[in-house]
Amino acid sequence: MARSFILWLHGLGDSGPANEPIKTLFTSPEFRTTKWSFPSAPSSPVTCNYGAVMPSWFDIHEIPVTADSPKDETSLLKAVKNVHAMIDKEISAGADPSNVFVCGFSQGGALTLTSVLLYPKTLGGGAVFSGWVPFNSSFLEQISPDGRKTPILWSHGMADRTVLFEAGQAGPPFLEKAGVSCEFKAYPGLGHSISNEELRYLESWIKARMQSSS
């Protein structure tokens, strides 16, 4: 089995190490050689929290996030460059792009989506949990033909009051306009958090897309 790489991007105000227990749920033998990375976002002032400084990948203007919330594309693109550097490092160390998976929760999910779409190669997949589309439609023109082929899994709790369910639901039709295929899964009763049910599905979703070294 070829070595796979899973990059996990946390939500606003959280840290990478706090999310490391997630990997213990991935018990299938296919994940024995997986390299995981849980980076922490740099601290910066966040507009929706009255300029308070906290771990944040890019600026967010309002909470709850709706389908029409303002987008801060400048700070988003800076964050995407950092994520691309992490992916480049793994690929230059020998990981096959088709075995690279980026996953993220909330703000990290929005960053996951943008990072995999703007990456110049087709990756194994991008998984968005309780995320939203953090860019305007003009961004769709920047998606490379290979970036377009990266499969997206989008999971969202229907009781989410932080990133509204409608903000998540608006994602897949928006992406389909750019020819990006996206599987959307709604979880009734789930608020702004990740459930074990979502992670179990993620494990099977990644497993089905891992390329064996033949």
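Pro-64 sits in the loop that runs from β4 (52-55) to α1. Helices (H or I, at least four residues) and strands (E, at least two) are DSSP runs, numbered from the N terminus. Ile-63 and Pro-64 are joined by a cis peptide bond, with omega about 5°. Most peptide bonds are trans.

This is a predicted model, in which local features need pLDDT of at least 70 and side-chain atom pairs count only at pLDDT 80 or more, while totals for chains, interfaces and linings use all residues. Residues are numbered from 1 along each chain as its sequence is written, and side-chain values use heavy atoms, with hydrogens and water left out.

Two backbone angles come next. Tyr-50 has a phi near 55°, a positive value in a residue other than glycine. Ser-106 also has a phi near 55°, and this residue is not glycine either. Most residues other than glycine have a negative phi. Tyr-50 belongs to the loop between β3 and β4. Ser-106 belongs to the loop between β5 and α2. Tyr-50 counts as exposed because its relative accessible area is 81%. Ser-106 counts as buried because its relative accessibility is 8%. The cut-offs are under 20% relative accessible area for buried, over 50% for exposed, and partly exposed in between (1.4 Å probe, protein chains only).

Asp-14 is found in the loop between β1 and β2 (35-37). Beyond residues up to four places away in sequence, Asp-14 touches Asn-19 and Pro-55. Contact means heavy atoms within 4.5 Å. From Asp-14 to Tyr-50 the separation is 36 residues in sequence and 17 Å in space, C-alpha to C-alpha.

Now the loop between β6 (125-129) and β7, which holds Phe-139. Phe-139 is buried because its relative accessible area is 3%. With neighbours within four places in sequence set aside, Phe-139 is in contact with Glu-73, Leu-76, Leu-77, Thr-114 and Leu-118. Tyr-50 is 89 residues from Phe-139 along the chain, and their C-alpha atoms are separated by 28 Å.

Pro-151 is placed in the loop between β6 and β7. Its relative accessibility is 18%, so Pro-151 counts as buried. Cys-182 lies 31 residues from Pro-151 along the chain, with 6.3 Å between the C-alpha atoms.

Next, the interior. A nonpolar core is a set of buried Ala, Val, Leu, Ile, Met, Phe, Trp, Tyr and Cys residues joined through side-chain atoms within 4.5 Å. The largest nonpolar core has 44 residues, of which Ile-87, Leu-111, Leu-113 and Phe-135 touch the most other members. Two or more residues of this core come from each of β1 (5-9), α1, β5 (100-105), α2 (107-118), β7 (152-157) and α4 (171-176). A second, separate core has 18 residues, including Phe-105, Leu-153, Leu-199 and Leu-202. Leu-111 touches Leu-9, Trp-57, Phe-58, Leu-76, Ala-79, Val-80 and Val-83, leaving out residues up to four places away in sequence.

Lining residues have an atom within 4 Å of a point. Grid points are joined across faces, edges and corners, and a volume is the space filled by probe spheres set on the points.

The largest pocket has a volume of about 190 Å³. Two or more of its lining residues come from each of β3 (43-46) and α1 (73-92). The biggest share is from α1, with four residues. Ser-75, Lys-78, Ala-79 and Asn-82 are among the lining residues, as are Trp-57, Phe-58 and Asp-59. The lining divides into five nonpolar, four polar and two charged residues. Here Ala, Val, Leu, Ile, Met, Phe, Trp, Tyr, Cys and Pro count as nonpolar, Asp, Glu, Lys and Arg as charged, and the others, Gly among them, as polar.

There is one cavity of 30 Å³ or more. The largest cavity holds about 80 Å³ of space. Its lining includes Phe-58, Asp-59, His-61, Trp-132 and Pro-134.

Conventions:
On a 1 Å grid over the protein atoms alone, a cavity is a set of points where a 1.4 Å probe fits but cannot get out, and a pocket is an open set with protein on both sides within 12 Å along at least five of seven lines; lining residues have an atom within 4 Å of a point.
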